[in-house]
Amino acid sequence: MAEVTLEWKNKRLALLASGATAYEWIDPSSKLLEQPPQLMMMTPGQACGSSNLLAVGDGLDVLAAITSHTSFLEGGIRLVYIDPPFNTNADVRCYGDSLNRSMWLSMLRDRLTLLKPHLTSDASVWVHLDDSEVHHARLVMDEVFGDGAFVASVIWQKRTTRESRSAFSNNHDTILVYAPNGAKKWKLSRNLIKKDYAELKNRDNDPRGPWTDAPFTAPGFRAAQQYEIKTPSGEVLTPPRGRSWYATEITYRRLLSEGKIWFPKGGAGSPRIKIFSSQLRGLVPFTIWGSSETGTNDDAKRHLLSLFPEFSVFDTPKPEELLERIIHISTNPGDLVVDLFGGSGTTASVAQKMGRRWLLVERSERTVSQFTLPRLQAVVNGLDPFGITEQLGWVGGGKFEVTYVPPRLGKSLSQKQLHKIISMIEHPKTKNFLATAV
Ligand SMILES: C[S@@+](CC[C@H](N)C(=O)[O-])C[C@H]1O[C@@H](n2cnc3c(N)ncnc32)[C@H](O)[C@@H]1O
């Protein structure tokens with residue numbers, strides 16, 4: 001239990017999704033909460049029969065339905081990435097973005113609380129927000145996971161242009177990173193960032209391939225590492241004052257005979273040790289992620305517009321480069337990635353291209369039929385040449401199931417809406433298939 005907690009109106013009540021966009025407060029002892037929501041498969045498979053699942057519905061309902069009816073989460077979730085509506089008070093195209101603050105906080109808390117028991121011991125939870133709620137969200141996450149679970153708050157440069165009408169041009173989002181087992185343990189299993197191999201060159205046509213170099217010196221005075229080195233141009237060098245050579249003379253002679261020492265300035269410079277790509281350790285990630293490496297919202301919009309030129313795209317899709325970095329750091333191939341606010345499906349698209357399993361939930365039927373479903377179909381069919389496709393050499397492959405979880409309160413999607421989604425599903429048996437409840 002965190003030492004400092006946040007209070008909000010109706011904190012002790014439950015909050016359920018109602019209809020397509022609303023929420024309602026519910027008494028926590030209500031019988032409604034005991035009934036698991038229905039799970040209606042739209043592809044003729046079982047939700048637990050495939051590695052990947054696109055679920056249409058509210059995230060909390062979907063989690064409750066999946067855990068009640070299937071074993072989908074049994075292997076544990078390695079990464080949760082969520083990019084919920086930021087609560088900006090703006091009517092963002094395609095989804096409303098103005099809940100009252102109490103509802104927004106309960107909405108976040110309840111989803112994190114339900115996810116928590118399904119996390120693997122080396123899992124991490126990444127919550128993508130802007131300044132509207134990030135300060136509150138951090139206290140909510142402290143309360144759910146404990147403040148010892150905080151790892152970092154990553155600043156992502158979401159735009160490069162200046163918003164000149166505002167007091168400040170807001171060019172960043174914040175991604176809160178928590179590891180429920182604590183940063184120290186998580187550090188042992190997370191991946192380092194790949195070094196930029198562009199800096200490797202092959203200046204001497206070394207048959208072992210391109211290399212970079214580092215000074216052949218070490219800090220401090222070590223008697224065994226003080227000796228004379230003769231450069232190819234004939235100069236005799238000793239270590240700079242207060243330093244030693246990087247290795248003893250015997251090791252130096254071996255490295256020299258193996259062609260692993262480089263003398264710059266045409267053979268007159270101080271010795272440097274050659275480092276080949278296989279010897280390069282990755283980099284510990286910075287907490288500031290620039291757009292040149294992780295893309296911008298506009299890059300993500302361009303990706304969607306290239307795939308779906310006929311639709312106007314909502315303002316805040318995330319670029320594949322950003323998700324590639326998050327998924328690379330926090331998972332390995334085969335791990336399960338969960339996103340409860342799927343939008344256009346960036347998380348699932350990247351997870352698929354990187355060989356991870358995924359669960360993606362999206363509440364808006366319109367977003368699913370315009371973007372999420374056709375995008376993920378393009379990905380598995382090798383018809384999405386954008387985003388990280390080229391970088392990863394992705395050519396398509398794999399499959400996913402689609403399910404609908406009707407809300408426990410309010411109106412479900414109409415038969416017409418359901419059939420619209422079903423008719424888009426490419427599956428040999430889809431033609432004669434109707435959504436059935438389990
Ligand atoms: C900021 S967008 C996510 C964008 C996404 N990361 C992408 O790259 O396209 C938030 C999404 O969450 C969806 N959403 C809002 N409330 C939801 C809920 N309770 N359950 C599931 N999805 C929800 C919205 O319809 C919207 O598409």
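Leaving aside its neighbours within four places in sequence, which residues is Ser 291 in contact with?

1. The partners of Ser 291 beyond its sequence neighbours are Gln 157, Thr 160 and Thr 296. Bear in mind throughout that this is a predicted model. Ser 291 sits in helix H7, which spans residues 291-294. Is Ser 291 buried or exposed? Ser 291 is buried: 20 other C-beta atoms lie within 10 Å, and 20 or more is what the buried class asks for. Ser 291 and His 172 are 119 residues apart in sequence, yet their C-alpha atoms are 9.8 Å apart in space.

2. Now the whole chain. There are 13 helices and 20 strands, and of the 438 residues 38% count as buried. Along the principal axes, the C-alpha atoms fill a box of roughly 85 × 55 × 50 Å. Among contacts with a separation of 6 or more, 71% come from residues 24 or more positions apart.

3. Strand E17 (residues 336-339) deserves a look from both sides. Both of its faces are covered, with Leu 336 and Val 338 buried on one side and Val 337 and Asp 339 buried on the other. Note that Asp 339 is on that buried list. As for pairing, E17 is joined to strand E5 (residues 77-82) by 2 bridges, and the two run parallel. On that side Val 80 stands opposite Val 338. E17 is also joined to strand E18 (residues 357-362), here by 4 bridges and again running parallel. In this pairing, Val 337 has Trp 358 of E18 opposite it.

4. Next, an open sheet of 3 strands. Its order is E9-E15-E14 and the pairing is antiparallel. Which strands are at the edges? They are E9 (211-215) and E14 (261-262), each of which pairs on one side only. E14 is held to E15 (residues 272-276) by 2 bridges, the strands running antiparallel.

5. Follow the chain on from E15 and you get to Ser 278, in the loop between E15 and strand E16 (288-289). Ser 278 has 7 C-beta neighbours inside 10 Å and so counts as exposed. For a sense of distance, Ser 278 and Leu 39 are 239 residues apart along the chain, and their C-alpha atoms are separated by 48 Å.

6. The axes of H9 and H10 come within 9 Å and cross at roughly 60°, so the two helices are oblique to each other. The crossing is right-handed. H9 brings Glu 320, Leu 323, Glu 324 and Ile 327 to the contact, while H10 brings Thr 346, Thr 347, Ser 349, Val 350 and Ala 351. By class, that contact has 4 nonpolar, 3 polar and 2 charged residues.

7. Then look at H11 (residues 365-380) and H13 (residues 415-424). Here the axes come within 10 Å and cross at roughly 5°, so H11 and H13 are roughly parallel to each other. From H11 the contact takes Glu 365, Val 368, Ser 369, Leu 373 and Pro 374, and from H13 it takes Gln 417, Lys 420, Ile 421 and Met 424. The classes come out as 5 nonpolar, 2 polar and 2 charged.

8. Last, two backbone spots to check by eye. Asn 205 is not a glycine, but it has a positive phi of about 50°. Asn 205 lies in the loop between helix H4 (183-189) and E9, and is exposed, with 5 other C-beta atoms within 10 Å. Lys 265, also not a glycine, has a positive phi of about 55°. Where is Lys 265 found? Lys 265 is in helix H6 (residues 264-267). Lys 265 is exposed as well, with 9 other C-beta atoms within 10 Å.

Conventions
Residues are numbered from 1 along each chain as its sequence is written. This is a predicted model: local features need pLDDT of at least 70, side-chain atom pairs count only at pLDDT 80 or more; totals for chains, interfaces and linings use all residues. Axes are lines fitted to C-alpha atoms, for helices over the stretch in contact, and angles run from 0 to 180 degrees between N-to-C directions. Angles under 35 degrees count as roughly parallel, over 145 as roughly antiparallel, 65 to 115 as roughly perpendicular and the rest as oblique. Two residues are in contact if their C-beta atoms, placed from the backbone, lie within 7 Å. Ala, Val, Leu, Ile, Met, Phe, Trp, Tyr, Cys and Pro count as nonpolar, Asp, Glu, Lys and Arg as charged, and the others, Gly among them, as polar. A residue is buried if 20 or more other C-beta atoms lie within 10 Å of its own, exposed if 12 or fewer, and partly exposed in between; C-beta atoms are placed from the backbone. Two strands pair if DSSP finds at least two bridges between them. A crossing is left-handed if the near helix is turned anticlockwise from the far one by less than a right angle, and right-handed if clockwise.
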